[in-house]
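User: I want to learn how to read the features of a model like this one. Please take me through them.

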Amino acid sequence: MPQIAKVIVDVPTMQTNRPYDYQVPVTLVDVIQPGMRVIIPFGNGDRKIQGFVLQVLDQLSFTGQLKAIEAVVDLTPAVNPELLSLSDWLAQQTYAFQITCLQTMLPSVMRAKYTKTATLTDEIPTDLQASLFNGNDELTFDQNLAPDKLKQLMQLQRQGKISVTYHVDNRAQVKQLTAIEPALSFEQLEEARMGLRKSAQKQSQLISYLQTLIDQEAPTLLKTILEKTTFTRENIRIGAEKGWLRQVKVEAYRNPYANAVQPTHKMTLTSEQETAVDAVVQSASTDASEVFLIEGVTGSGKTEVYLQTIDAVLQQGKTALMLVPEIALTPQMVQRVKGRFGDLVAVLHSGLSEGEKYDEWRRIERKEARVVVGARSAVFAPLEDIGVIIMDEEHEASYKQDESPRYHARDVAIWRSQYHNCPVILGSATPSLESRARAQKDVYHLIRLTQRVNQQALPAVELVDMREAMRVQKASNFSPALLAGIKERMQKGEQSVLLLNRRGFSSFIMCRDCGFVLQCPNCDISLTLHMDTHSMKCHYCGHEEAIPKICPSCQSRQIRYFGTGTQKVEAELQELIPEARILRMDVDTTRKKGAHAKLLKKFGDHEADILLGTQMIAKGLDFPDVTLVGVINADTALGLPDFRASERTFQLLTQVSGRAGRADKVGQVIVQSYNSENYAIQFAKQHDYEGFYQYEMAVRHRGGYPPYYFTVKVTVSHPEEALAAKKSFQIAKQMRPILSDQALILGPTPKSIARINNRYFYQIVIKYKQEPQLQAKLAEILETTQIDTRHGFKIGLDNEPLQFT
Ligand SMILES: Nc1ncnc2c1ncn2[C@@H]1O[C@H](COP(=O)(O)OP(=O)(O)OP(=O)(O)O)[C@@H](O)[C@H]1O
Ligand SMILES: [Zn+2]
Ligand SMILES: [Zn+2]
């Protein structure tokens, strides 16, 4: 029967954000499946573009009007049925184009153009091998392969007789290793030996060696032979030339964690841990999709709860997905999971090369990996039959993507749990207010872990008022109390972790004579000093220039840097304690691949006394000899014009305090601040999450902020400020009539950095409780403003934004 395919085309605009009908050519009938990518003619001139097949329908009456699909890109669907339907929901939820959502779900290498190689892995009829593979056992092809041949390939793939690898401009090449196997039988090799000259001893040895390989199932890696035997490449080459052996290519997965993993074993759970595991596992064995919020103090052993839950789910024959924030995806965390589940684990994070990510993704798709650990985008991992989804540090802002589609991984996780009828665990020592409030309303089940595993008390927190400290000493980043604490640890052979809070803080250059501050030419923000590259950089657009030696404005030589960068703090500390061994961890020292892991290993091996770093040291670290945590500046972020400033400060202080005293030694925390009476700092001092939650809820209630209100942000930008402003006022005006009295429109206001990359930004925030017409109206505005993009406008919608500045 003729078929029609409904296709989402790869043209990300509002007008094309719907499925188009295409005729399925006769040769591809019953071949094309939903989730496959196809090549189709589109628009004027029938440009060839890519699209995703959403649906294939039998065509009852032949209209003959439709354009036909030209070719198929994938032999098997690139996106499974679950993710197809997720993309639909996601597009609505985030006001994004469905094509953007679909592309987001695939590893980046798959978004590029590529060729593929089909390699025979089994016998096929000789005539087929002749016609399809030209008698070879490999066929490199792309989307131009004739449909009938493609159909044959698909059949072979279904029968498991070929394996397919992708080549993307050398980007996603499956890593191939050379291996060898004997080309002759034992007897034939023996015959070959007879023909050798007496002096050809090495060749005789090679023949013997090949004879030992006859019964091996897999070819032997050349690398291994060169390492483990005395044969040289030249010996092997001669062996191949004489026809004794064959050189073959085998596929190697790039395993970035190879060799590094030590097995870890199940621990005997504390009673609080056991209650948590039982509750989730119990839920996993029913068909419910419940969300559990585990509010567990730092060091309460949340990770062990996750691991044992995963274990139970695997035993039920299901798979598990574990999300962690990028910065918490430390080697320590990966070790713990890999150490428990070994090769069943796939790890996805931005530190991997594209090739490595792609390898991991394929291992998931082929069901070789049954546990996935990864950062935000891993929430789209093509796992099937998921038994539990875990989100560690659920309060982390990095779970929200800040470009289209602007999704929150938590929402996606919950959607998938409903699809799979499985539980979700949201875990944190400092849950987001939104999640904690949902637990209050019994939408989530609240489970509290109130004790540290070692029964140790949480470390005592001492507040140092820097206003006072500065009165008695010259300007310094280190109060006498903090310095004394560090020295004491050094004497005892213990370690310190020092946090420099970089939010709302940066090093900039200012002229002491005229006050000139070096600004980015493209953005309304000062440039940040980077000592490692000896340059000034813009953190928004990437602009970079040399550090000026004389003031560009008054030519004075008194141009100096201000603010506190980690480098500057490190230098100061080194001067104050010359014998201190300091490791600095920030964006500059961790840029290189593996640098993060190396630094942590050094610290773990006691090659340093002090780990000094930015936010990235606040989470997940578990070092038994760390007994002092110092926070150099607790309150720089409190001044940010964002209603979540207190929540973020509380979370950061609590998390970093939790790094101290995790094993048998007592920990101490010293927090320096200029606002020690601030409630976020006071509750953090008391380790009082619940107290903070109650207080902050009252603040939010008074101000009409989430979680009492929903929010959506509309951003308008244009190279001309007046036009950006005008358009944003127009949009606000269009919104007002459809909103009830309960809803509030904030703005339009210029963003706190009004100009970025030569565009001016204006934003509107709508706060609301229940507005049935809102979503449709916003979609309509997006649609009607599409035309404006031609005049330089960009309109962005952010549902439940996490950034308000
Ligand atoms: N049942 C247990 N028995 C003994 N040790 C345990 C047990 N559970 C966890 N631990 C150990 O306790 C330490 C803290 O556990 P873990 O890192 O999971 O805490 P956490 O709750 O994730 O803390 P944080 O929020 O600070 O990351 C780890 O070293 C872990 O190996
Ligand atoms: Zn000057
Ligand atoms: Zn800039």
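Analyst: Start with domains: their bounds come from an automatic or database domain assignment. This is a predicted model, where local features need pLDDT of at least 70, side-chain atom pairs count only at pLDDT 80 or more, and totals for chains, interfaces and linings use all residues. Residues are numbered from 1 along each chain as its sequence is written, while chains are lettered from A and ligands numbered from 1 in the order in which they are written.

User: Which domains is the protein divided into?

Analyst: The division gives domain 1 (3-106), domain 2 (116-167), domain 3 (175-252), domain 4 (271-449), domain 5 (460-505 + 564-700) and domain 6 (710-799). The C-alpha centres of domain 3 and domain 4 lie 47 Å apart.

User: Where does ligand 1 lie?

Analyst: Ligand 1 lies between domain 4 and domain 5, because both give residues to its shell. A residue is near a molecule if its C-beta atom, placed from the backbone, lies within 6 Å of it. Around ligand 1 there are 19 residues, and T298, G301, K302, T303 and E304 come nearest.

User: Which helix gives the most to that shell, and how do the residues divide by class?

Analyst: Helices (H or I, at least four residues) and strands (E, at least two) are DSSP runs, numbered from the N terminus. Helix 10 (residues 302-315) gives the most, with three residues. For classes, Ala, Val, Leu, Ile, Met, Phe, Trp, Tyr, Cys and Pro count as nonpolar, Asp, Glu, Lys and Arg as charged, and the others, Gly among them, as polar. The shell has four nonpolar, 11 polar and four charged residues.

User: How do I read strand pairing?

Analyst: Two strands pair if DSSP finds at least two bridges between them. Five strands form an open sheet, ordered 2-1-4-3-5, with antiparallel pairing. Strand 2 (20-24) and strand 5 (71-72) stand at the edges with a single partner strand each, so one side of each is left without a neighbour in the sheet.

User: How many bridges pair strand 3 with strand 4?

Analyst: Six bridges pair strand 3 (residues 37-42) with strand 4 (residues 47-58), in the antiparallel sense. I39 stands opposite Q50 in strand 4.

User: Which strands pair with strand 30?

Analyst: Strand 30 (residues 710-718) runs antiparallel to strand 32 (residues 759-768), joined by nine bridges. Here V716 stands opposite Y762. Strand 30 also pairs with strand 33 (residues 794-799), antiparallel, over six bridges. There S717 stands opposite K794.
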